[in-house]
Amino acid sequence: LKYHLGVNYVDSEETSDGEKFLRQAMEGLQALDDRQRDLTLFIAVLNQNGILWANRSEKQRAKELFDTAHDQYVQRTPVVPRLIKELAAGPDREKYCLMELERA
């Protein structure tokens, strides 16, 4: 809720109130254990804060927030095959090929 309020305030150019709500949203999320934290929401809060500070010409602060969002994404998102060829060549090759044959 605090995230959405913050975004609404920032979008309506009430940046001080928006900053307050976004800060509260981030503090609430940071208080949670990594396993309990909603990664998508946490990244959205970081990015929105980055946008807020970039619009205030605080480029370094914005970059730090964007870098933190990126790091969280990289650390907590499982690696998935990028190409179908990787799936077909991996350890689940037979399973993947059978699924494709069943769909055809």
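**Loops, a helix and its partner**

Modeller: I begin in the loop between helix 1 and helix 2, which is where Glu 13 has its place; as with everything that follows, this is read from a predicted model. The phi of Glu 13 is near 65 degrees, a positive value in a residue that is not a glycine. Glu 13 is exposed, because its relative accessible area of 70% is over the 50% cut-off.

Ser 57 is found in the loop between helix 3 and helix 4, and although Ser 57 is not a glycine, its phi is positive, at about 65 degrees. With a relative accessible area of 56%, Ser 57 is exposed.

The secondary structure of the protein chain comes to 6 helices and 0 strands, and from the N terminus on the elements run α-α-α-α-α-α. Of the 104 residues in the protein chain, 26% are buried. Among the contacts with a separation of 6 or more, 36% are between residues 24 or more positions apart.

The part that I would look at closely is helix 3, whose 17 residues reach 24 Å from the first C-alpha to the last, close to the 24 Å expected at 1.5 Å a residue. Its buried residues are Leu 39, Phe 42, Ile 43, Val 45, Leu 46, Gln 48, Asn 49, Gly 50, Leu 52 and Trp 53, and what covers them includes helix 1 (2–11), helix 2 (15–30) and helix 4.

The packing against helix 4 can be described in detail. Helix 3 (residues 39–55) packs with helix 4 (residues 59–76) at an angle of about 165 degrees, and their axes are 7 Å apart. Because an angle over 145 degrees counts as roughly antiparallel, helix 3 and helix 4 are roughly antiparallel to each other. The crossing of helix 3 and helix 4 is left-handed. On the side of helix 3, the contact is made by Leu 39, Phe 42, Ile 43, Leu 46, Asn 47, Asn 49, Gly 50, Ile 51, Trp 53 and Ala 54, while helix 4 contributes Lys 59, Arg 61, Ala 62, Leu 65, Phe 66, Thr 68, Ala 69, Gln 72, Tyr 73 and Arg 76. Sorted by class, the contact of helix 3 with helix 4 has 12 nonpolar, 5 polar and 3 charged residues.

Asn 49 lies in helix 3 and counts as buried, because its relative accessibility of 4% is under the 20% cut-off. Leaving out residues up to four places away in sequence, Asn 49 touches Leu 22, Met 26 and Leu 65.

Gly 50 also lies in helix 3, and with a relative accessible area of 0% it is buried. When neighbours within four places in sequence are set aside, Gly 50 is in contact with Ala 62, Leu 65 and Phe 66. The separation between Gly 50 and Asp 67, from C-alpha to C-alpha, is 9.4 Å in space, although 17 residues set them apart in sequence.

Terms used:
Residues numbered from 1 in each chain as written. Predicted model: local features only at pLDDT ≥ 70, side-chain atom pairs only at ≥ 80, totals over all residues. Heavy atoms only, no water. Axes fitted to C-alpha atoms, helices over the stretch in contact; angles between N-to-C directions. Helix = DSSP H or I, 4+ residues; strand = E, 2+ residues; numbered from the N terminus. Parallel < 35°, antiparallel > 145°, perpendicular 65-115°, else oblique. Left-handed = near helix turned anticlockwise from the far one by under 90°. Contact = heavy atoms within 4.5 Å. Nonpolar A, V, L, I, M, F, W, Y, C, P; charged D, E, K, R; others polar. Expected span 1.5 Å × (residues − 1). Buried < 20%, exposed > 50% of the residue type's maximum accessible area, 1.4 Å probe, protein only.
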